[in-house]
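Subject: Structure handover and notes

Dear colleague,

I am passing on the structure below, and after it you will find my notes on what came out of the analysis. Please read them with the coordinates open.

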Amino acid sequence: MSESNVLLTAQHLDYIASHTRAEDSFLQELKAAARASGIPAIWISPEQAGFIQILLKLCRARTVIEVGTLAGYSAINLARALPADGCVHTIEINPAHADFAASWIRRSDVAGRIKVYRGSGRDLLPALPIRDVDALFLDADKASYPFYLREGMRLLRTGGLILADNAFAFGELFATQPQDRETTAMRQFNELIATQTGLQAIIVPFGDGCWVAVKE
Ligand code: DHB
Ligand code: MG
């Protein structure tokens, strides 16, 4: 532990959670319905969502890309930080997840600010007809994060953000015998983004660790 850091405990994290703007009932219902549909409960935490919203407001984001829609929880949070004419372009490879997300997004307060794309980030990112992107949020297959990072460097405006979930590798960052098949990929990505030219990147310890990086 470096000398200026307090060692974070579960109590600190609970304290942060209890001092974060509460989630509304719509997002609570979305999560309950997602669980009931068998969608894995791996959405971002409210603290992570709130932090990302502050970053998007600070950089006055209008155009955001998300890879990995899952249930639509993060897309709705991202869209709520954008102006009325902003758009979250969110990509989901799993058709059942895309259907679930699209139906909840349609009924949300930000339906007009989210476009759901069905397919893989590898296929869709290179074909998206948008430029000068303000932020790219990665929360999908970890083995493809290096590809998404390269695409992000091409698509982002100067001062744009790359956000990438799961820097702590599902809690297995320091495990000697990791159980998750994506842990190695996440560790490799951490080394890659930390030294990416033209990007200042840092891990923020919310949820499972979130990379926050700004294009220079
Ligand atoms: C898991 C968690 C995530 O946030 C994710 O993007 C993928 C997998 C997990 O806990 O397995
Ligand atoms: Mg994730």
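Helix H3 (46-58) and helix H4 (73-80) each contribute at least two residues to the lining of the second largest pocket, where helices (H or I, at least four residues) and strands (E, at least two) are DSSP runs numbered from the N terminus. The largest share of that lining, eight residues, is supplied by H3. This is a predicted model, in which local features need pLDDT of at least 70 and side-chain atom pairs count only at pLDDT 80 or more, while totals for chains, interfaces and linings use all residues. Residues are numbered from 1 along each chain as its sequence is written, chains are lettered from A and ligands numbered from 1 in the order in which they are written, and side-chain values use heavy atoms, with hydrogens and water left out.

The second largest pocket holds about 390 Å³ of space; a pocket here is an open set of points on a 1 Å grid over the protein atoms alone, where a 1.4 Å probe fits, with protein on both sides within 12 Å along at least five of seven lines, and lining residues have an atom within 4 Å of a point. Of its 20 lining residues, Thr-20, Arg-21, Pro-46, Gly-50 and Gln-53 are the closest to the centre.

The largest pocket has a volume of about 680 Å³, and among its 34 lining residues those closest to the centre are Ile-42, Asp-139, Ala-140, Asp-141 and Lys-142.

Asp-139 also belongs to the magnesium site: the ion (ligand 2) is coordinated by Asp-139 (OD), Asp-165 (OD) and Asn-166 (OD1) at 1.9 to 2.2 Å, donors being N, O and S atoms within 2.8 Å of the metal (3.2 Å for Na, K and Ca), and since water is not among the atoms, sites may look incomplete. Asp-139 lies in the loop between S4 and H7 and Asn-166 in the loop between S5 and helix H8 (183-194), so the pair ties together parts that are 27 residues apart in sequence. Asp-139 is buried at 17% relative accessible area, and Asn-166 is buried at 9%, where buried means under 20%, exposed over 50% and partly exposed in between (1.4 Å probe, protein chains only).

Strand S5 (residues 156-165) has seven of its 10 residues buried. Five bridges pair S5 in the parallel sense with strand S4 (residues 133-138), and five bridges join S5 to the antiparallel strand S7 (residues 210-215); two strands pair if DSSP finds at least two bridges between them.

Best regards

Methods: Grid points are joined across faces, edges and corners, and a volume is the space filled by probe spheres set on the points.
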